[in-house]
Number of protein chains: 2
Amino acid sequence: MRIPLEPEAVDAGLDALFWPRSVAIVGASAREHAIGHSLVANLQAFGYRGPVYPVNPSASQIRGLAAYPGLPEVPGEVDLVHLVVPAAQVPGLMAQCGAKGARAVIINSAGFGELGDEGLRLQHAFLHEARRHGIRVLGPNCQGIINTDPSLRAYCNFTNTLPAAGGVSLVAQSGGVGGFILQGLADIGVGVRMYASNGNGCDVSITEILRYYGQDEGTRVVVLYTEGLADPAAFLEVARAVTARKPVLAMRAGRTERGAQAASSHTGALAGVGRVTDLVFERAGIVAFDDEGELIRAAMAHATQPAPRGPRTAVLTNTGGPAVIATDALVSHGLGVPPLGDATVQRLRAALLPQAALENPVDVIATAGPEHFRAALQALLDDDAIDALLVAFVTPSFTDTQAIAREIVAASAQQRKPLVCNFMTDLTQERFRATRAVLQDGGVPCFAYPGDAARALAALWRGPRLRQRPEVRPRRLAGIDAARARAIVDRARALGRVQLDAQDVYALLACYGVPLAAAQVVDDPQAAAAAARAIGFPVVVKIDTEAASHKSDVGGVVLGLRDEAAVHAAVSALQERLAGLAAEAPLRFLVQAQLSGGQELIVGASRAAGVGHLLMFGLGGIHVEVLGDVVFELAPVGPAQAAAMLGSIRAAALLEGVRGRPALDRAAVAEVIERVSCLVQDLPEIEELDLNPLLVWPEGARAVDARIRLAPAATPTPG
Amino acid sequence: MRIPLEPEAVDAGLDALFWPRSVAIVGASAREHAIGHSLVANLQAFGYRGPVYPVNPSASQIRGLAAYPGLPEVPGEVDLVHLVVPAAQVPGLMAQCGAKGARAVIINSAGFGELGDEGLRLQHAFLHEARRHGIRVLGPNCQGIINTDPSLRAYCNFTNTLPAAGGVSLVAQSGGVGGFILQGLADIGVGVRMYASNGNGCDVSITEILRYYGQDEGTRVVVLYTEGLADPAAFLEVARAVTARKPVLAMRAGRTERGAQAASSHTGALAGVGRVTDLVFERAGIVAFDDEGELIRAAMAHATQPAPRGPRTAVLTNTGGPAVIATDALVSHGLGVPPLGDATVQRLRAALLPQAALENPVDVIATAGPEHFRAALQALLDDDAIDALLVAFVTPSFTDTQAIAREIVAASAQQRKPLVCNFMTDLTQERFRATRAVLQDGGVPCFAYPGDAARALAALWRGPRLRQRPEVRPRRLAGIDAARARAIVDRARALGRVQLDAQDVYALLACYGVPLAAAQVVDDPQAAAAAARAIGFPVVVKIDTEAASHKSDVGGVVLGLRDEAAVHAAVSALQERLAGLAAEAPLRFLVQAQLSGGQELIVGASRAAGVGHLLMFGLGGIHVEVLGDVVFELAPVGPAQAAAMLGSIRAAALLEGVRGRPALDRAAVAEVIERVSCLVQDLPEIEELDLNPLLVWPEGARAVDARIRLAPAATPTPG
């Protein structure tokens with residue numbers, strides 16, 4: 001029944017949850033529409049194979065079943081218990097569950113962590129009991145589970161959609177959303193394997209359920225809904241293992257919420273809310289959706305069709321316009337509709353009606369019969385330059401549409417290439433309902449609109465494409481002095497510093513071999529002039545103070561100083577003008593080689609709860625604000641990911657050389673990204689880091705401004 | 001029955017097409033499933049109120065109706081004739097139609113313009129006859145029309161979807177797409193008013209049908225499908241008049257096709273295929289869609305709901321998660337979900353259950369009854385800071401869902417604000433089907449998914465928002481010498497020139513007051529040196545030849561010449577190095593003031609068939625290729641459109657001043673766009689024009705490079 005991902009991953013507690021041998025409902029009710037009634041009724045209606053024990057102190061039977069005053073009085077063994085009782089009773093009942101030998105408990109009742117401290121106290125109390133007895137808990141404040149396996153038929157859930165058995169397993173944080181996805185799958189005829197909605201999620205997590213579905217061989221596709229990941233790193237590890245075996249489709253909501261936390265760096269501000277979840281999904285090979293209808297329709301395609309080997313799609317139609325729409329949608333969702341090769345065109349010419357269009361889309365025309373469809377489908381399945389098929393099928397009254405449907409089913413049943421069908425008909429007519437039944441019973445995913453069919457097919461390709469991306473192999477680059485870097489950070493934290501000063505920023509970056517414009521930190525005009533002479537002219541002078549984070553905004557930067565006298569004068573003038581700042585802390589100055597002619601880039605990192613750091617790369621300088629042309633990755637990255645980041649910004653052509661400009665040193669920039677990745681991996685207390693601008697030339701790259709902020713010392717840091 | 005847009009627009013021919021008093025089918029057939037049979041059967045099945053005359057030389061009756069050997073033998077008057085006969089017979093039969101007094105003919109037969117010259121000859125022949133008799137022709141190669149008006153019930157169409165009567169009228173270029181939109185509307189319970197698919201469109205055009213629907217008071221919403229506009233200017237004029245009166249929803253397909261025509265300018269290349277249709281839709285106030293499902297669902301919302309006055313939306317729900325999804329979708333499609341004002345929150349607090357969430361989304365919670373829904377709906381309808389309502393309604397088994405549905409219907413029926421419903425339920429249960437019937441019969445648009453409901457609501461706001469944009473009021477700016485410009489173009493065309501040389505480009509732009517870097521065209525080093533002295537140093541020298549359109553690619557540009565000797569030397573060197581080009585035509589040189597420090601922009605124009613010119617604005621220089629950050633408008637533009645173009649690029653903040661940089665002279669740039677607009681309006685034979693870069697400073701803007709290409713003289717030019 002199950003293929004373990006790893007031997008130790010077999011989880012007996014989740015077995016009791018999803019494969020209960022018997023179910024007791026504590027709080028069962030004779031009152032119709034009460035949750036404690038629906039639970040009993042649903043188990044009956046769904047044909048649960050095990051014994052059901054309603055528990056109710058004042059009823060002797062409920063829905064024809066013997067009821068018991070308490071758990072201890074239940075005569076048989078109890079595997080799974082539903083608790084539908086006031087919250088205050090739950091801790092005591094959990095102890096009874098333990099005494100009775102239950103292995104899993106579903107707490108449908110609300111009134112716990114979602115209500116604040118008193119509820120949290122109750123939650124801790126029942127969890128303590130559950131742990132003591134080795135009981136796994138789903139919920140509280142949740143719907144429960146469903147397992148449609150014919151040998152079990154467990155509907156331990158109080159909602160009212162009774163799904164058909166099938167291969168899609170669903171886990172949803174929100175029962176409301178889980179419910180309508182379940183309903184949506186039922187509405188389009190997609191069978192379900194297992195369902196779970198875990199509510200407050202105090203014990204059994206979405207990650208564990210995902211792992212469990214990954215092990216279940218009856219689960220062909222996993223659908224997941226979340227409003228945020230509690231432990232992204234653990235989720236990522238499990239999800240990668242599951243997607244290697246079966247597709248995982250997911251939707252994250254709360255996209256447009258804006259976090260209240262003010263981020264002071266570009267990287268933090270641009271990352272926004274939810275970016276981590278998106279990146280985790282992407283790296284895990286999860287197919288993510290913004291549109292729940294598209295997710296549900298994609299689940300239908302995944303439930304019966306194999307993954308394509310590539311994006312090359314043939315459109316086969318018996319009518320023109322819808323094929324145009326399908327082609328638009330295929331191409332704009334990442335698939336190609338390439339011309340067919342000569343051999344296939346000749347096969348089609350020999351087999352189809354003279355008026356047929358032999359290009360891609362292939363239009364067999366409305367009068368085509370089953371033999372024409374069969375020949376065209378076979379030719380396209382045999383064509384090695386075609387990876388996937390979209391059939392746009394209208395039902396002309398003068399053709400044998402059921403026979404045509406059987407040909408489409410036969411092609412789909414070969415499972416050589418994915419096939420989806422845009423089936424356009426009038427279902428008020430019996431003959432066309434019968435045609436649809438042929439397609440549906442044959443496992444052909446049918447969509448009413450060509451665009452929906454195209455997007456479902458495109459979704460089939462997104463998982464394999466994500467998994468084709470190179471593995472993450474972070475390198476330990478030469479020239480890294482991690483011990484010295486650690487000492488710098490520890491000292492700064494000991495001094496209570498959050499924003500590092502220029503001296504520390506320079507030193508820290510140097511420890512990781514990040515190339516920097518030559519510079520020295522000085523206190524007065526004389527030292528500045530001497531430093532400039534050592535660095536070489538022209539130089540730029542910047543004030544170095546935590547108070548002036550955007551230095552140019554306070555006029556703390558003087559450019560183009562070409563001799564010692566100019567440097568001296570500039571520093572003297574800054575001392576005078578910014579004397580107000582000096583009252584807080586002594587003014588210091590960074591004298592830096594003034595580099596010119598390079599392209600301005602930005603490389604940054606920002607800490608993300610539960611998953612280490614995000615790395616950012618993009619166009620730098622004022623273009624960060626003006627264009628926001630930046631991309632993100634999860635740290636750590638290897639050379640492949642760093643190179644991919646360079647190629648993913650909109651302005652990527654700027655790095656490759658354009659209009660006679662030489663190509664810029666992409667290798668140097670990618671290495672800077674890798675070095676920043678190493679730095680934040682070693683120093684998890686770094687909250688935010690920006691190199692902006694990082695200048696890049698045809699040879700070499702150097703950061704000319706950098707900022708590093710640490711997490712306040714109170715913040716717990718991983719690692 | 002009809003409100004004329006303008007008195008002369010009443011079109012008797014289209015009346016005969018859409019309101020036929022009698023219908024003859026020439027080519028009627030007794031053979032089931034033949035088109036000539038379906039036409040008769042459909043008229044009967046739909047309950048057509050007028051007489052139907054099958055015409056067939058060898059049958060005495062068809063489907064119980066008397067059949068006639070020819071049109072002349074038909075006893076009564078014939079208003080509309082279907083021709084379902086071999087193409088070669090059509091011209092002769094058209095003459096018979098004229099003799100019989102028919103006012104409109106639908107040619108369902110194919111075999112005309114779509115097959116090439118012979119077919120075109122037949123098309124011309126029947127059109128000649130039709131014109132002679134004042135007959136309007138729909139088709140050929142088309143499905144026909146439907147009019148569901150209860151007094152008529154005309155189904156002059158061979159497809160097999162029999163729509164319910166309602167307020168949506170549909171016109172589609174492709175019968176296949178028209179058919180599935182019709183089916184899609186039927187599937188979700190949206191009633192149809194009129195339908196037309198015009199096939200080859202040799203006479204009655206989509207524009208005429210749109211105008212007709214605009215005049216029809218039974219049409220509440222128009223849905224339009226096209227693969228390209230034959231006469232965009234005429235369409236725009238009509239569409240603007242129609243959208244002032246009722247919503248027009250449209251989809252254009254063929255988006256991903258790439259035109260074969262190579263465009264040599266940036267403006268031409270970036271405009272791409274279909275841009276004109278998009279801009280025409282936008283300027284006409286048409287709500288455009290990429291997704292046919294979204295279009296169909298939006299039609300449902302438009303069919304019963306008023307337009308919102310603004311984007312401020314309240315979400316009312318009795319379950320949590322779906323409201324989160326709805327909010328995401330609303331915000332990402334241009335609506336807002338603002339916090340509610342104190343007065344409304346207090347009204348809600350007084351009326352709702354204690355556990356209700358009073359924020360926006362308002363969650364009345366699952367146990368809420370009809371009285372809670374009523375109070376919440378009324379409070380939100382009364383709140384002047386709310387423009388639209390989305391109700392996410394699940395059907396808990398323990399509530400009176402039909403009573404709740406009646407409250408939602410009552411709120412929708414007030415027609416004060418648009419209301420859409422995300423109705424999530426199990427329709428296999430009779431009580432919930434009854435609940436849906438209450439909503440549907442009450443005209444509440446119901447969607448199974450929250451995102452679909454949100455997108456349909458967002459579509460309701462798009463039309464009003466487009467119509468709120470300022471009117472186009474092109475100005476005739478001072479300093480334009482149109483006569484001189486006309487002479488320059490005429491002379492160039494007389495000389496067979498296509499790419500204008502620098503002299504003409506400069507002169508032409510100067511005629512329209514486009515500010516340019518000071519420059520002179522010269523033939524030799526001596527003249528160049530003299531010109532440079534007159535202009536002032538530094539200067540740049542560029543070769544001026546049609547062969548070197550991207551001058552920097554052939555090394556034909558020398559920058560930073562700071563004295564006369566340098567200019568002399570540079571021109572001599574160019575003469576020597578580019579001697580090969582001189583063999584074709586004498587080399588000439590542009591000596592130009594070298595301007596610096598400005599932001600590089602691009603302003604361009606390119607001719608678009610049928611609609612004059614497109615104007616383009618964006619970031620210039622190499623950023624055109626690297627970022628493609630450009631926007632388009634239809635010429636002519638007034639100051640409002642020019643200013644809007646400046647504000648619409650992604651990098652708009654660059655013009656407004658960012659990070660302490662001064663704001664750039666947006667007024668000067670907008671005026672350049674207006675001047676280019678005047679230029680191409682006056683000189684329609686200009687094929688492409690690029691000012692790239694146009695430099696802009698805090699004060700002033702000047703073009704430093706420009707190219708103008710004329711249409712080849714053979715090309716017919718409008719105007």
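Which residues is Leu457(B) in contact with, once its neighbours within four places in sequence are left aside? Keep that question in mind while you set up the view, and remember throughout that what you have open is a predicted model.

**Chain A as a whole**

Begin by selecting chain A, whose C-alpha trace spans about 95 × 80 × 40 Å along its principal axes. If you switch to a cartoon view, you can look for the 25 helices and 29 strands of chain A. Of the 719 residues of chain A, 54% count as buried. Among the contacts in chain A with a separation of 6 or more, 72% are between residues 24 or more positions apart.

**The two copies**

Now show chain B as well, and superpose the chains: chain A can be laid on chain B with an RMSD of 0.2 Å by a turn of 180° and a shift of 0.1 Å along the axis. The two copies are therefore related as by a two-fold rotation axis. To find where that axis passes, select Leu627(A), which of the residues of chain A comes closest to the rotation axis, with its C-alpha at 4.8 Å.

Next, select the residues where the chains meet, where 52 residues of chain A are in contact with 53 residues of chain B. Several helices of chain A each supply at least two residues of the side that touches chain B, including H5 (175-187), H16 (450-467) and H24 (652-656). The largest share of this side of chain A, 9 residues, comes from H11(A). Coloured by class, the side of chain A that touches chain B has 19 nonpolar, 20 polar and 13 charged residues.

**Two domains of chain A**

Return to chain A and colour domain 1 (7-301) and domain 2 (305-467), as the domain assignment gives them. The C-alpha centres of these two domains of chain A lie 38 Å apart, and the contact between them takes 11 residues from domain 1 and 15 residues from domain 2. On the side of domain 1 of chain A that touches domain 2, helix H10 (residues 292-304) gives the most, with 5 residues.

**A helix with two faces**

Select helix H12 (residues 342-351) of chain A, in which Thr344(A), Arg347(A) and Leu348(A) are buried. Looking down the axis of H12(A), you will see that its buried residues fall within an arc of 95°, so they line one face of the helix. The face turned away from the buried side of H12(A) carries the exposed residues Asp342(A), Arg349(A) and Ala350(A).

**A glycine in a loop**

Move to chain B and select Gly621(B), which has its place in the loop between strand S25 (612-619) and helix H22 (623-627) of chain B. Because Gly621(B) has 18 C-beta neighbours inside 10 Å, this glycine counts as partly exposed. Beyond its neighbours within four places in sequence, Gly621(B) is in contact with Glu600(B) and Pro693(B).

**The nonpolar core, and the opening question**

In soluble globular proteins, nonpolar side chains tend to be buried together. The largest nonpolar core here has 476 residues, and Leu457(B) is one of those that touch the most other members, as are Val105(B) and Ala299(B). Finally, select Leu457(B) with its partners: leaving aside neighbours within four places in sequence, Leu457(B) is in contact with Ala301(B), Thr313(B), Leu330(B), Leu335(B), Ala388(B), Leu390(B), Pro418(B) and Val420(B).

How values were computed. Residues numbered from 1 in each chain as written. Chains lettered and ligands numbered in written order. Predicted model: local features only at pLDDT ≥ 70, side-chain atom pairs only at ≥ 80, totals over all residues. Least-squares fit on C-alpha atoms with pLDDT ≥ 70 in both. Helix = DSSP H or I, 4+ residues; strand = E, 2+ residues; numbered from the N terminus. Buried ≥ 20, exposed ≤ 12 C-beta atoms within 10 Å, placed from the backbone. Contact = placed C-beta atoms within 7 Å. Arc of directions from axis to C-beta. Domains from an automatic or database assignment. Nonpolar A, V, L, I, M, F, W, Y, C, P; charged D, E, K, R; others polar. Core = buried A, V, L, I, M, F, W, Y, C linked by C-beta atoms within 7 Å.
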